[in-house]
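Thanks, everyone. Let's look at charged side chains and how they pair.

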Amino acid sequence: MSRLSVLPTLDLAALPIPYDTPQEAVQDHRNRLIGRDEDTADLLRALRDPAVRLLTVTGPAGVGKSALVRRALAACPAPLGEELTVTVELASSSRRADTWERVVTALGRQPGNGAPGDGAPPARRLAEVRAAIAGRRVLVVLDNADLAVHHLATDLTALLHGSPELRVVLSSRTALDVTAELLFPVTPLTTATGRDAGCGTDSARLFLERVRAHYRRSVLADADERTIDEICALLDGVPLAIEVTAGAVGALSPRALLERLRRGEQPLGRRPLDVAARHRSLDACLSWAEPALAPPERTLLRRLSVCEMPVDVHTAERLGGIGAAQAANRLDTLVHRSLLLSVRRPADAEPGFRMLRATRAHYRARLAEDPAEERATRALHARHIGERAEALGSALCEPGLSRADWRRRLAEFRELLADIRAALEWLRLTDRPAEAARLLLALAPAWSAEGLTAEAGRLLGRAADALETEEAEAADAALRGRALDTAARWAAMAGAVEEAQALLLRAEAHHRAHGDRAGLARVALLRGEVFHRTGAGASAERQVGSAISELEVLGCAADALAARVLLARLRAERGDGEAEEVVRRSLPHADPALRARALTAQAQVRLALGRPAEAHLAVREALRLLTAYGSAPECAVAALETAAAVCGRHPDTESAREGVLGAARALRAAYGLGTAAEPDRGAEPGEDAHEPGRARDEGGAEAPALAGDAECRERALLDALTAAAALPAPEPAAPEAPVARLKGLTPRQQQIADLVAEGMTNRQMARELGLSEWTVVNHLRQVMSKLNCPSRVHVARLVQQRDIG
């Protein structure tokens, strides 16, 4: 892990800006380190533009608007040669008369009609301002004007119209919305996470600069950049939040701070004694400006705070209990008040708006003050997310979905994922297992495609347990059956055999009690998959054979195809020449994804029957379909492994073949599909089984990891499909002298037996034959069963006796 570099020391002589006092130099140095040089230059260009007479520097709470204005004016106190530049602090000013009284005082004139605050009419104070600036070029900076914008808009318009030499700079989270105004938005500092972390961002530099001097040296020595970057990302790069959190370093380490932030806590650090109360935390900053919000706006903010990810008009409409027009208007108002930020979305998507984490935490706390409103809002949120999940799940199941549409819908799922998890947790806490199960099942394709079936399976099993009551309605009973089936399938897919078997026992009892024929057929199919995984081929064949006809009669097309695919593989492994006919009936399927699955199975069967050239043709077509259309990742990984197994073996192409196999192993791990050597390894004493969920290369080294980066996984998958399609076809086999086969063995099984006699391990045989270890294990078990051999040693002896004879 890389270490943080030492921050540069302050060199007053090197700073390009003149300062009146050392304190100003120190303050500017602090600002300069947070990456505002480009913003400062842009702001100076705006100030030097004669056409700009009213400039509003706006942005979210704590983003550094005032500091940026001060820095720009320090660099150029009179951008257009003004005779006078004054700054007026309006943080505590919400009354119109008080605002203009402060301006008059700042301009060097004593307010008329007695002492300040004497209750003079605002119009009189405004007239005094006009008199104070008459005939002079003046720049007035109205700082922290959030509470005064409601009356400043009209007054400033009139003042600018009657005073042509006047220019005004305003810092406020809310725009004035007048014609003369030019907005200068200030955004949070850059942050980095994931693959981009550890790059020394502006926010990380600010964090280190604000760590108290007593602890800074130890942080520089011990903290890694990724921890600091993740802290700053969780704080959205907002300078005030970063400064407050950095002040907590001391008794708390950066790692401890990170854990607290992940739990939703907001650690409070020490602040300088001369810092205004409203700048001691973002919570205080937001509370200070709340009086400027109308009650309906506060209500909508409280309700939108339950959302973890960006919201749109429809979400505001549902959670706010308002019409679409009202929702759009209020969202627009909140964006103008810098309480929501617009986010980039695809061109065909509705505009989205995000709430900074600190803002969300503030209004979520306000929502919790009214338990009844919180319960109602959470319930609305869960219902809204459930409806979106159902629509998204249906879209992912559309036949012939192009890969571009598939990726776009998965991106929508990822954007929604945090809200899905929040809704599921709320449904658990309020004891609503049926709604939780429906939400999980609706998104079954997405959980699989994102490698999240382990998480979803645990939640689904918990919901199924909660649905197991004597008073359950028929609909809930059917739902529980589907939940158990799906959880068992996900467990089997991940190689968790014992968990899958336990779930199948429960599912079978449930379906039998409710007379669910389709459910019992699905259990038989899944049990066949588990038996196949554990090497019990005969038992697997019996289970799958009993399921096929029932699934076809009941119209369960996808399950029937899965059963035919598995039955064909089982028969091919025992040398049945008619195995291909079982899967051929499924090839005309209209859904490209299901057709690709059938073609991959056909290629596997042809390879097992000793016809690699024909297998190559089938898997090439499967790869083409998988590249063009969206599909479950297990289908793509199976096609990659099959393509590597059937390609021609030549020194010039061996590295490409190994690359495809390595990508397949890495993708298995990334998508939670287990490894290709999941079955019990008892038939091969002395070899270590792979750790579940970890991909390893043939020599035992760990395969390249694909971290939880969805785009990285998708890119790796497409690259692997392209590379697999480019693998060469197998060369026609040269005529060989006939080899005597041991009784009952297929050509492939005889190959396995011969390699066992040579002393090869399963891993070495897989490498030699271009097969997965799982396939080798299954072939070896068939060999041992047919030859009635209790161990590999006995197989080797029979081969040696044949050769001697």
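I'll go through the salt bridges, pair by pair. One caution: this is a predicted model.

Start with the total. The whole structure holds 51 salt bridges.

Pair one is arginine 403 with glutamate 714. Their side chains meet in a salt bridge, 3.1 Å from N to O. The partners come from distant parts of the chain, 311 residues apart. Arginine 403 sits in helix α18, residues 403–429, and glutamate 714 in helix α32, residues 710–725. Buried or exposed, arginine 403? Buried, because its relative accessible area is 5%, and the cut-off is under 20%. Glutamate 714 is buried too, at 9%.

Pair two is arginine 611 with glutamate 580. The closest N and O atoms of this salt bridge are 2.6 Å apart. Arginine 611 is in the loop between α28 (592–608) and α29 (612–628), while glutamate 580 belongs to helix α27, residues 579–584. So the bridge ties together parts that are 31 residues apart in sequence. Arginine 611 is partly exposed, with a relative accessible area of 25%. Glutamate 580 is buried, at 3% relative accessibility.

Glutamate 641 lies in helix α30, residues 633–646, and arginine 668 in helix α31, residues 654–670, so parts 27 residues apart in sequence are tied together. Glutamate 641 is buried at 14% relative accessible area. Arginine 668 is buried as well, at 10%.

Last, the network. Which residues do salt bridges with shared partners join into one network? They are Glu580, Glu581, Arg584, Arg606, Arg611 and Glu614.

Note on methods: Residues are numbered from 1 along each chain as its sequence is written. This is a predicted model: local features need pLDDT of at least 70, side-chain atom pairs count only at pLDDT 80 or more; totals for chains, interfaces and linings use all residues. Side-chain values use heavy atoms; hydrogens and water are left out. A salt bridge is a side-chain nitrogen of Lys or Arg within 4 Å of a carboxyl oxygen of Asp or Glu. Helices (H or I, at least four residues) and strands (E, at least two) are DSSP runs, numbered from the N terminus. Buried means under 20% relative accessible area, exposed over 50%, partly exposed in between (1.4 Å probe, protein chains only).
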